[in-house]
Amino acid sequence: MLVAFLWGAVGAAALLVGALVAYAGAPSRRFIAVVMALGAGLLIGSVAFELVDEAVKTASVALVGLLTLLGAATFTVGDWWLSRRGGGERKDASGAQAAGAPLAIVFGSVLDGIPESFVLGLTVLEGNVSVALLAGVVLSNFPEGLSSSSGLRAAGWTRSRVLWMWSVVILVAAVSAALGYLLLDPAGSRTGALAQGFAAGALLAMVSNTLLPESYREEGVATGSLVAVGFAVSLMLSAI
C-alpha cells in the first residue's frame, strides 16, 4: 500500500513541476497541446491493456461494459457539478479562471487526478507499477499543471497559492493510489473486475473531458495522430 501511495505521489508530482515551469516562463500552448495528446493516447492504451483486458478475464463482457458506463457517468456528473459551480475553466491557459470559484477549481483538479491514481494503485497490486500508465499519468499531468497554472497566474493567483493547491491534489492522488491497492481483490476475482471496469470508464471520461478538447483547440486535426502515437507507445510499454 505504501508503494502504491508513493507511485501515486510521483505521478501527480508532474502537476507541481508544470506549475513551477508556468511561473518561470511557460512553453508555447502548442507544445502543451502535443504533450496532452500523447498523454491521452498513453492513458487510453492503459485502459485497454491494464483494465479492460484484465477485467474480462474474470467477468462477462456485458458486466464490464456496464461498469465502464457507470464509471464514466460518475465522473461526468462530478465534472458537470463542479463546472456549474465555477470550476469549468480550470484547464484554461489564458486566465479564464478569474471568473470561476477558487474552491471549485481546486475540487475539479482533485477530481481529475482520482481515476488515473486509482488505476496506478491497481497496477502495483498486480505486481509492478505499469510503466505505460505511469508515463501516461506524467505526460497528462505535466501539461495540465502547466496550462492550468498559466491561467491561474494570469487570473492573479500567487505562486504559493497555486503550489499549495497542487500539493493538495498530489496528496489526494497518492491516497487514491493507495485505495486502488486496498479495494481491489489481489486474486483478480469478480470484485476486482468490477472495480477495473468502473475505473476504466472514469479514466476514459477524464481523458475525453480534460485532455482531448484542450489539445484539439491548438493542434486541430493532428490531435488524432498524436493520440495514436501515444496509444502505440502504450502498447509497446505494456510489454515491459
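Modeller: Happy to. A residue is called buried here when its relative accessible area is under 20%, and exposed when that area is over 50%, with partly exposed in between. Please keep in mind that this is a predicted model.

Let's begin with helix H8, which covers residues 222-237. Its 16 residues reach 23 Å from the first C-alpha to the last, close to the 22 Å expected at 1.5 Å a residue. The buried residues in H8 are Thr223, Leu226, Val227, Gly230, Ser234 and Leu237. Looking down the axis of H8, you would find these buried residues within an arc of 100 degrees, so they line one face of the helix.

Setting aside residues up to four places away in sequence, Thr223 touches Ala37, Leu212, Ser215 and Tyr216. Its C-alpha is separated by 9.6 Å from that of Pro213, which is 10 residues away along the chain. Leu235 also belongs to helix H8, but its relative accessibility is 45%, so Leu235 counts as partly exposed. Between the C-alpha atoms of Leu235 and Glu54 there are 15 Å, with 181 residues separating the two along the chain.

Now for the packing between helices. Two packed helices are described by the angle between their axes and the distance between the axes. Take H4 (residues 102-125) and H6 (residues 159-183): their axes come within 6 Å and cross at roughly 35 degrees. The crossing of H4 with H6 is right-handed. On the H4 side, the residues that meet H6 include Ile105, Val106, Ile114, Phe118, Gly121 and Leu122. On the H6 side, Met165, Trp166, Val169, Ala177 and Leu179 are among them. By class, the residues of this contact of H4 with H6 are 18 nonpolar, 5 polar and 1 charged.

H1 and H5 (residues 131-154) make another pair, with axes that come within 7 Å and cross at roughly 35 degrees. This crossing of H1 and H5 is right-handed. H1 contributes residues including Trp7, Gly11, Ala14, Leu15 and Tyr23, while H5 brings Leu134, Val138, Phe142, Glu144 and Arg153 among others. The contact of H1 with H5 has 15 nonpolar, 7 polar and 2 charged residues.

Finally, Ala4 links several of these elements. Ala4 sits in helix H1, residues 2-25, and has a relative accessible area of 0%, so it is buried. Apart from neighbours within four places in sequence, Ala4 is in contact with Gly121, Val124, Ala177, Ala178 and Tyr181. Of these, Gly121 and Val124 in H4 also take part in the contact with H6, as do Ala177 and Tyr181 in H6. The C-alpha of Ala4 is separated by 8.1 Å from that of Leu122, although the two are 118 residues apart along the chain. Where Ala4 is buried, Leu179 has 38% relative accessibility and so counts as partly exposed.

Note on methods. Residues are numbered from 1 along each chain as its sequence is written. This is a predicted model: local features need pLDDT of at least 70, side-chain atom pairs count only at pLDDT 80 or more; totals for chains, interfaces and linings use all residues. Side-chain values use heavy atoms; hydrogens and water are left out. Helices (H or I, at least four residues) and strands (E, at least two) are DSSP runs, numbered from the N terminus. Buried means under 20% relative accessible area, exposed over 50%, partly exposed in between (1.4 Å probe, protein chains only). Contact means heavy atoms within 4.5 Å. The expected span of a helix is 1.5 Å times one less than its number of residues. The arc is that of the directions from the helix axis to the C-beta atoms. Axes are lines fitted to C-alpha atoms, for helices over the stretch in contact, and angles run from 0 to 180 degrees between N-to-C directions. A crossing is left-handed if the near helix is turned anticlockwise from the far one by less than a right angle, and right-handed if clockwise. Ala, Val, Leu, Ile, Met, Phe, Trp, Tyr, Cys and Pro count as nonpolar, Asp, Glu, Lys and Arg as charged, and the others, Gly among them, as polar.
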